[in-house]
Amino acid sequence: MTLNERLSKYLNIPYQAPRPGTEGQITRMIGLTLEAIGLRVALGDNCVVEVAPGVSAEAEVVGFAGDRIYLMPLESIDGLSPGARVVPRLGASLVPVGPGLLGRVIDGIGRPLDGLGPVQADAMVSLSGETINPLNRHPIETTLDVGVRAINGLLSVGRGQRLGLFAGSGVGKSVLLGMMTRFTEADITVVGLIGERGREVREFIDQSLGQAGRQRSVVVAAPADDSPLMRMRAAQLSTRIAEYFRAQGKNVLLLMDSLTRYAQAQREIALAVGEPPATKGYPPSVFAKLPKLVERAGNGETGGGSVTAFYTVLTEGDDQQDPVADSARAILDGHIVLSRDLAEQGHYPAIDIEASISRAMPQIVDPTHQQFALQMKRTWARYHQNEDLISVGAYARGTDAEIDRSIELLPAMRAYLQQGMQEPMPMKRAIQELVMIMQAKPEQAAQAQPQQAVAAGLRRKP
């Protein structure tokens, strides 16, 4: 029998689409966790739950025990009844990527929230990006101008670095993030608003990004009232979009507000499926998920693009030893701590330079810049170590030359560390002002007023 004769036998056989895995039904619901039986699925698979006739909701497999499958819905499932049908979805969950996302606001699964029509995607990709061999990553060796004087001068950031903004609630994390969004030199900005207040989404887009900034930005929003699974996916989607543009050779700025809400979403899911809490109510899986998300940012392979990432970390009760803050500090390339005391004094941005550090700064700035930055940090710290004595008049001038110097430079240093929300400060000018302050003679420093040092620096052309 020839090949044509053998193939002709199959011409009249109708095509049958592959059947999905065995269907199941809902037997139990506790909180946001659904329990189903009769399914043949794997961890991470997606299913469709028939909530009511003609109404369905997507859910993800988050655990199992024997023949019982635990599902977590992405959306509200009001009206669900016992015995509801569950059907596994064919294929992996894919999300849109491409230049068509620029200027758009989407949710955690890539659906538009801005009312501008469907998203024009170049490709549909998996949420999990490819792992880069750490030996193939390009090292951090060039500075990134973020437009904030205190950071450019004292906590210089490198392209491809990952830093955390640590602070309690209401200290100015989102405001500082908005300043960096407007001022940072980057080809593309990806903003992930994870678990924050819903009103902040519109405010961030209109006030922080603005019309010009929005055209080169992608905003992924999952407010606090979204399901924990949707919040986790929004953080993963933000990172996946940044990875896509990095692969195209772009220098990407990734801003995620906040990493703590991502950890709390994972805690909700883990506790719902029965994982025991370990550290202050956080199950072990939370601390396994954080590095997997953060390590995806950074530089690509040599010759490729970069993802410079800033993650806000909410320190509950201003406790810097909070489990999530402590874990994030260990896996990030530096941390910028915001002080509530400074914020209450009207000192903005309220950066505590004593508690903050950029681990990449020694490798990316010249020795002179590094020297003056350390000198200012030491002088600032010296004053605050003796502030009580100075305030009550118990310190006599001439007793300690370093303390005398810190008193003389305090007004200029305070002016240097403060900045208006709409006032960008290029790195070159920030360094010039830093050098000018630290080289000031005693008689000049004593006459300096809080804003005079800044004004003098602005008059000097770079």
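The talk below goes through some of those words in turn.

Biologist: What kind of model is this, and how many helices and strands does the chain have?

Modeller: The model is predicted. Its chain has 16 helices and 19 strands. Of its 462 residues, 51% count as buried.

Biologist: Why is Ser238 called buried?

Modeller: Buried means under 20% relative accessible area. Ser238 has a relative accessible area of 0%, so Ser238 is buried. Ser238 sits in helix α5, which covers residues 228–247.

Biologist: Which residues is Ser238 in contact with, leaving aside its neighbours within four places in sequence?

Modeller: With those neighbours left out, Ser238 touches Val190, Val191, Gly192, Val220, Leu254 and Met256. What makes these contacts is that heavy atoms lie within 4.5 Å.

Biologist: Why does Thr33 count as buried?

Modeller: The cut-off is again under 20%. Thr33 has a relative accessible area of 6%, and therefore Thr33 is buried. Thr33 belongs to strand β2, residues 33–37. Apart from neighbours within four places in sequence, Thr33 has contacts with Arg28, Tyr70, Leu71, Met72, Ala272 and Val273.

Biologist: Why is Gly198 called partly exposed?

Modeller: Partly exposed lies between the two limits, buried being under 20% and exposed over 50%. Gly198 has 45% relative accessibility, so Gly198 counts as partly exposed. Gly198 lies in helix α4, residues 198–214. From Gly198 to Asp225 is 27 residues in sequence and 8.0 Å in space, C-alpha to C-alpha.

Biologist: How do you know that α11 and α13 are roughly perpendicular?

Modeller: The axes of α11 (residues 367–385) and α13 (residues 401–417) come within 8 Å and cross at roughly 110°. Angles of 65 to 115 degrees count as roughly perpendicular. Therefore α11 and α13 are roughly perpendicular to each other. Their crossing is left-handed.

Biologist: Which residues of α11 meet α13?

Modeller: On the α11 side they are Met376, Thr379, Trp380, Arg382 and Tyr383. Among their partners in α13 are Ile403, Ile407, Leu410 and Met413. By class, this contact of α11 with α13 has ten nonpolar, two polar and four charged residues.

Biologist: What share of the contacts in the chain joins residues at least 24 apart?

Modeller: Among contacts between residues at least 6 apart in sequence, the share is 72%.

Biologist: How much accessible surface does the chain have?

Modeller: The accessible surface of the chain comes to about 21,800 Å², and 51% of that belongs to carbon and sulfur atoms.

Technical notes:
Residues numbered from 1 in each chain as written. Predicted model: local features only at pLDDT ≥ 70, side-chain atom pairs only at ≥ 80, totals over all residues. Heavy atoms only, no water. Axes fitted to C-alpha atoms, helices over the stretch in contact; angles between N-to-C directions. Helix = DSSP H or I, 4+ residues; strand = E, 2+ residues; numbered from the N terminus. Parallel < 35°, antiparallel > 145°, perpendicular 65-115°, else oblique. Left-handed = near helix turned anticlockwise from the far one by under 90°. Nonpolar A, V, L, I, M, F, W, Y, C, P; charged D, E, K, R; others polar. Buried < 20%, exposed > 50% of the residue type's maximum accessible area, 1.4 Å probe, protein only. Areas by Shrake-Rupley, 256 points an atom, 1.4 Å probe, with all protein chains shown as cover.
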